[in-house]
Amino acid sequence: QVILNSIGRMKIFTGVHLAKLMRIVRLIKGTRIPAGRAVVTRGNPGEAFYIVLEGECEVMGVDENGHETVLATLPGGECFGEMSLITGEPASATVRAKDDATVLMISRDNFNTMLSIAPEIAITLARILAARLANTGRRVIEELKKGLAGRLDLISPAELIQAMNVNNQTGMIAVQSGDKQMTIYLHDGQIHEVQMGDKSGEEVFFEFLSWSKGNFRFDPVRRDASEKQ
């Protein structure tokens, strides 16, 4: 009953009928997390969907010098872990308890069951993810404007391109992974040219999306229309 009363007030369950919430609450397990303990670890497969019930959790990243940094703080009612369950990709960040926290956990199988019970939750999740992506994109662009180089093990190629698209950026991305070098020119967030040696086009771009290691730098240059391909 305590969990039922709590989730009924959370934004992730906004608009979900009480009868559905009563079914969903059976899928939820509450667990106490000591301060400093990781709930999700970057690079590990997603195991569950989490909602902060009490206390706060911190989303941790790594800066260009390899130092850990706090990307966001998640108070009660905020959720995390859904991206790995939706995409099947490993967790992109570590999330740990800032102080002693109580977290609600819905396993991978139960997550799918929850969405089948209340498909409207998927719409709310999509809005949350869109907002987070926009915030991530703005943060990446602000860092790049300072002239900092980026690493593909800190932001994936897909996240980098999406950040450029969301923020309507124009300029050249120079990427190096091992002995491979690539340039990507974007105009108002749209890809206009991808070049790697004497290769270009979609095939090269899809290869870039598969890279997990390498360095990149964004130069906010603007070409004349006659230079665009």
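**Close-up views of a predicted model**

**View 1. The largest nonpolar core.** This core has 23 residues, and those with the most contacts inside it are Ile12, Phe13, Ile24, Phe49, Ile51, Met114 and Ile121. At least two core residues come from each of helix H1 (2-7), helix H2 (18-24), S3, S8, H4 and helix H5 (120-145). A nonpolar core is a set of buried Ala, Val, Leu, Ile, Met, Phe, Trp, Tyr and Cys residues joined through side-chain atoms within 4.5 Å; buried means under 20% relative accessible area (1.4 Å probe, protein chains only). Helices (H or I, at least four residues) and strands (E, at least two) are DSSP runs, numbered from the N terminus. The model is predicted: local features need pLDDT of at least 70, side-chain atom pairs count only at pLDDT 80 or more, and totals for chains, interfaces and linings use all residues. Residues are numbered from 1 along each chain as its sequence is written, and side-chain values use heavy atoms, without hydrogens and water.

**View 2. Met114 and its contacts.** Met114 touches Phe13, Ile24, Leu27, Phe49, Ile106 and Ile121, not counting residues up to four places away in sequence. Contact means heavy atoms within 4.5 Å.

**View 3. The open sheet.** Four strands take the order S1-S8-S3-S6, with antiparallel pairing. Strand S1 (29-33) and strand S6 (79-80) are at the edges, each with a single partner strand, so one side of each has no neighbour in the sheet. Strands pair if DSSP finds at least two bridges between them. Two bridges join S3 (residues 48-54) to S6. Ile51 stands opposite Cys79 in S6.

**View 4. Thr94.** Thr94 lies in strand S7 (residues 94-97). Thr94 counts as buried, at 16% relative accessibility.

Note on methods
Buried < 20%, exposed > 50% of the residue type's maximum accessible area, 1.4 Å probe, protein only.
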